[in-house]
Amino acid sequence: MRTRRGARVVLLDQDDRILMIRHRDDGAIVVPGFPVRELFWVPPGGGLKDDEDFVRAARRELLEETGLTEVEWGPCLWTLDADVRWRGEPVHMHERYFLARARGAQATTRAYLEPDEQQAIVDHRWWSLAELVAAQTTETLRPVGLPELLAEVLAVGGRPSGGPRALRT
């Protein structure tokens, strides 16, 4: 089984809101036992290119999906390992989630999206923790348990101790 490595960015603004991207489910990734709605929200990110490490991929993906570059980078918060089906093929997915903080007010843009992303990415939105908690019953948020995970990060001022926390699908 091949492994797909990915990097995602838990980007916070000055008000501790997290930037999430609304995607249209194209059916390419299927996580057994975890169906998603047609539209779902995830932090910015995606797969590593051959010559990239996780941090470089996180920076590139943030630029491509949001246009944002003025950020202060923090540690890797979480890792996620899952066996999925990728376009029908069994794949082991390994993702790392990096903390970052936006410097000042910046507008997101779709200008750097690749053609297939133009169709898949529907919207960008900054969410407060309270809004994430309220949305759990009406929206699909990834990773699973995001409001609780974000609450833990905010409770320690964005400075978690120890290494990255392993998440479950």
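## Reading the labels

Modeller: Happy to! This is a predicted model, and the chain averages a pLDDT of 91, with 93% of the residues scoring at least 70.

Biologist: Thanks. What pattern does the chain follow along the sequence?

Modeller: The pattern reads β-β-β-β-β-α-β-β-α-β-α-α-β. That comes to four helices and nine strands.

Biologist: What makes the chain as compact as a globular protein of its length?

Modeller: Set the two values side by side: the radius of gyration is 15 Å, and the globule rule gives 15 Å for 169 residues, so the chain is as compact as a globular protein of that length. Along its principal axes, the C-alpha trace spans about 40 × 35 × 30 Å. Of the 169 residues, 43% count as buried. The chain exposes about 8800 Å², with carbon and sulfur atoms supplying 49% of that area.

Biologist: Among contacts between residues at least 6 apart in sequence, how many join residues at least 24 apart?

Modeller: The share is 71%.

Biologist: Let's go inside. Which residues have the most contacts inside the largest nonpolar core?

Modeller: They are Val10, Ile18, Trp78, Trp127 and Leu132, in a core of 24 residues. At least two core residues come from each of strand S1 (2-12), strand S2 (18-24), strand S6 (71-86), strand S7 (89-102), helix H3 (129-135) and helix H4 (146-155). S6 gives the most, with six residues. There is also a second, separate core of 16 residues, including Ala57, Val71, Phe98 and Ala100.

Biologist: What is Leu132 in contact with, leaving aside its neighbours within four places in sequence?

Modeller: Leu132 is in contact with Ile18, Trp127, Leu141, Leu146, Pro147 and Leu150.

Biologist: Now a glycine. Why is Gly6 called buried?

Modeller: Buried means under 20% relative accessible area. Gly6 has 0%, so Gly6 is buried. Gly6 lies in strand S1. Leaving aside neighbours within four places in sequence, Gly6 is in contact with Gly46, Gly47, Leu48, Phe54, His94, Glu95 and Arg96. Between Gly6 and Trp41, which are 35 residues apart in sequence, the C-alpha to C-alpha distance is 16 Å.

Biologist: On to charges. How many salt bridges does the structure hold, and what makes Asp13 and Arg17 one of these pairs?

Modeller: The structure holds 13 salt bridges. The cut-off for a salt bridge is 4 Å between a side-chain nitrogen and a carboxyl oxygen. For Asp13 and Arg17, the closest N and O atoms are 2.6 Å apart. Asp13 is buried at 3% relative accessible area, whereas Arg17 counts as partly exposed at 29%.

Biologist: And how do you know what the pair of Asp16 and Arg101 ties together?

Modeller: Their closest N and O atoms are 2.9 Å apart, and the two form a salt bridge. Asp16 sits in the loop between S1 and S2 and Arg101 in strand S7, so the pair ties together parts that are 85 residues apart in sequence. Arg101 is partly exposed at 27% relative accessibility.

Biologist: Why is Glu38 called exposed?

Modeller: Exposed means over 50% relative accessible area. Glu38 has 53%, so Glu38 is exposed. Glu38 forms a salt bridge with Arg24, the closest N and O atoms being 3.4 Å apart. This pair links distant parts of the chain, 14 residues apart: Glu38 is in the loop between strand S3 (29-30) and strand S4 (39-42), and Arg24 is in strand S2. Elsewhere, salt bridges that share partners join Glu52, Arg60, Glu61 and Glu64 into one network.

Biologist: One last item: where is the cis peptide bond?

Modeller: The cis peptide bond joins Arg142 and Pro143, with omega at about 5°. Pro143 is found in the loop between H3 and H4.

Key
Residues are numbered from 1 along each chain as its sequence is written. This is a predicted model: local features need pLDDT of at least 70, side-chain atom pairs count only at pLDDT 80 or more; totals for chains, interfaces and linings use all residues. Side-chain values use heavy atoms; hydrogens and water are left out. A nonpolar core is a set of buried Ala, Val, Leu, Ile, Met, Phe, Trp, Tyr and Cys residues joined through side-chain atoms within 4.5 Å. Buried means under 20% relative accessible area, exposed over 50%, partly exposed in between (1.4 Å probe, protein chains only). Contact means heavy atoms within 4.5 Å. pLDDT is the predictor's confidence in each residue, from 0 to 100. The radius of gyration is taken over C-alpha atoms; the globule rule is 2.2 Å times the number of residues to the power 0.38. Accessible areas come from the Shrake-Rupley method with a 1.4 Å probe; for residues, only the protein chains shown count as cover.
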